[in-house]
Amino acid sequence: MTQHSSRSTALQTVVGAGTLLLGCLLAWGATSISSEAGYGGVGPNFFPWVVAIALIVCGVLAVIHAQTGGFRDLEEGSGDETAHWKGFVWVSAGLLLNALLITTLGFILSCALCFVLAVRGFKSSEGKLDLRPVVWIKDLFIGVAVAAPVFWMFTQLLAINLPGLTNTGWL
């Protein structure tokens, strides 16, 4: 297998072009979202357009930078030479279960579960994986403490519907 250096201007150009393409695809998708202004005069397509424009600008700048000598002051990577597949599996399981269970468990619990599994993946990559039940419970409480205010902000303050465990709008 060939190792590609992050200092390769060809690889840097591909990264910039990929970012530019992603921005263009997001902009194309944003054209299909209604621009009718909602609460506060901001429509549902506002943030997709902001992100699309930011990605397009970053992609263009990255391509220009790569073509005029490469990314400057680029430090050598500090990560491992190979991927940590066990950590990848933990994080992927969290994301997939979140998507699968969000309409069943509701936003708060499915996001808390995603957090718990993502923590397992990140700790695994550091060689600090702890599977004791007390650690799972502690991380579950932290996940709920992070997800609940986000859920309440979106449902109560912004009046955006997110799947809940109950129909009260609070769980």
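**Aromatic rings and one aspartate**

I started with Phe46, which is partly exposed at a relative accessible area of 40%. A reminder to myself: this is a predicted model.

Phe47 I also looked up, and it counts as exposed, with 59% relative accessibility. Phe46 and Phe47 form an edge-to-face aromatic pair, and I noted 5.1 Å centre to centre and 75° between the planes.

Next I turned to Trp85 and Phe88. They too form an aromatic pair that is edge-to-face, at 5.5 Å centre to centre with 85° between the planes. I checked where they sit: both lie in helix α3 (residues 85-105), 3 residues apart, which is about one turn of the helix. Trp85 counts as exposed because its relative accessibility of 57% is over the 50% cut-off. Phe88 has a relative accessible area of 48%, so I put it down as partly exposed.

How many aromatic pairs does the count come to? I get 4 aromatic pairs.

Then I looked for a charge over a ring. Arg120 lies over the face of Trp136, and I wrote down 4.9 Å from the ring centre.

Is Asp139 buried or exposed? Its relative accessibility is 6%, under the 20% cut-off, so Asp139 counts as buried. I then asked what Asp139 is in contact with, leaving aside its neighbours within four places in sequence. My list reads Phe115, Val116, Val119 and Arg120. Arg120 was already on this page, as the residue over the face of Trp136.

Key:
Residues numbered from 1 in each chain as written. Predicted model: local features only at pLDDT ≥ 70, side-chain atom pairs only at ≥ 80, totals over all residues. Heavy atoms only, no water. Phe/Tyr/Trp six-rings, centres within 6.5 Å; stacked < 30°, edge-to-face > 60°. Buried < 20%, exposed > 50% of the residue type's maximum accessible area, 1.4 Å probe, protein only. Helix = DSSP H or I, 4+ residues; strand = E, 2+ residues; numbered from the N terminus. Lys NZ or Arg CZ within 6 Å of the ring centre and 35° of its normal. Contact = heavy atoms within 4.5 Å.
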